[in-house]
Each structure stands twice: as structure tokens, then as C-alpha cells.
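Biologist: Hi! Could you walk me through this one?
Modeller: Happy to. Here it is.

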Amino acid sequence: MTDRELINMAVEASKNAYAPYSHMRAGAALECADGTVVTGCTVENAALGATVCAERAAVIAAVSSGRRRFRRLAVYSRESADYLTPCGTCRQVLSEFSPEIEILCVRADGRYVSYRLRELLPLMFSKEKFE
Ligand code: ZN
């Protein structure tokens, strides 16, 4: 792959950027050691300081491929004996796209509980605050 081809992939990735606040639609193309190129894009949030856990990585991958709506999320860690819930920042990031998403909080033994995001993040800070 040439430099130009890699740059073009970054350009394509930027078309999926979600940047309603800064309006700077950035894209990135990362060539991996095995030759795979992974692309990413700007994924802003109404709470501007948010950055990345498993849940947010999933959101960013989805948004980078043009998907901004989600129905359900399962979150699991084999190290979590209790039901694993998304951290506050991940809740905020999910609310940007799907305030009604169902979240399956799974514990190490495979049991899970289900919540709506609004239950986990009442009085969420939303993009409507910018309108
Ligand atoms: Zn998190």
C-alpha cells in the first residue's frame, strides 16, 4: 500500500465522522503489522472530555463504519464477579446516539441483568442542550 492509498482511506473514514460541535471531521487509517488497515474517525460527545473503554471502542467502531444507532449492548468481563455496568463516561457516550439502548450487564458466571440507559444515566446531558 502506498502512502496515497493509506491517506485516501483516512479521507474515506473522515466521511463517517461525527463532529457536530467542532465541525472538524477527522479520519484516520492505521496500517497494522499484519497489513490490515483499521480506520477511525472523530466521535464527539456532548460531554467533550470522554475517552475509551470496551463499550466506547464498540461505539467508535460502529460510528466509524457509518452506524449511529444501537439497540442493545452486552458488557462482560471474566474478572467481574458482580454484574458489570458501563462507567459514567461510557454511559454518556452511548446517550449521544441511543438514549433508549438496552444494556445487558453480565457477570463472570454468565448471568446478567438488563437496564435501559436512562435508568443508568438519569438526567443525561444530551446534544439537545446545544440547540
Ligand atoms: Zn467505560
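Biologist: Nice. Which residue forms a salt bridge with Arg107?
Modeller: Arg107 pairs with Asp109, and their closest N and O atoms are 2.9 Å apart. A salt bridge here is a side-chain nitrogen of Lys or Arg within 4 Å of a carboxyl oxygen of Asp or Glu.

Biologist: Before we go on, what should I know about the model and numbering?
Modeller: This is a predicted model, where local features need pLDDT of at least 70 and side-chain atom pairs count only at pLDDT 80 or more, while totals for chains, interfaces and linings use all residues. Residues are numbered from 1 along each chain as its sequence is written, and side-chain values use heavy atoms, leaving out hydrogens and water.

Biologist: Thanks. How many salt bridges are there by that rule?
Modeller: The count is 2. Glu100 and Arg118 also meet through their side chains, at 2.6 Å from N to O.

Biologist: And what does the Glu100 and Arg118 pair tie together?
Modeller: Glu100 lies in the loop between helix H3 (88-97) and strand E4 (102-106), and Arg118 is in helix H4 (residues 117-120), so the pair links parts 18 residues apart in sequence. Helices (H or I, at least four residues) and strands (E, at least two) are DSSP runs, numbered from the N terminus.

Biologist: How exposed are those two?
Modeller: Glu100 is partly exposed, with a relative accessible area of 45%, and Arg118 is partly exposed as well, at 43%. Buried means under 20%, exposed over 50%, and partly exposed in between, using a 1.4 Å probe and protein chains only.

Biologist: Switching to Arg91, is it buried or exposed?
Modeller: Arg91, in helix H3, is buried and yet has no salt bridge. The nearest side chain of opposite charge is Glu55, 7.5 Å away; Lys and Arg count as positive, Asp and Glu as negative, with His and the chain ends not counted.

Biologist: Then which backbone oxygen does the Arg91 side chain reach?
Modeller: That of Pro86, at 2.6 Å. Beyond its neighbours within four places in sequence, Arg91 is in contact (heavy atoms within 4.5 Å) with Thr85, Pro86, Leu117, Leu120 and Leu121.

Biologist: Back to Glu55, where does that residue sit?
Modeller: In helix H2 (residues 54-64), where Glu55, Arg56, Val59, Ala62, Val63 and Ser64 are buried. After H2 comes Gly66, with a positive phi near 90°.

Biologist: And what pattern does the chain follow overall?
Modeller: Along the sequence, the pattern is α-β-β-α-β-α-β-β-α, with 4 helices and 5 strands. Buried residues make up 36% of the 131 residues.

Conventions: Polar contact = N/O pair within 3.5 Å; in protein donor to acceptor, adjacent residues only side chain to side chain.
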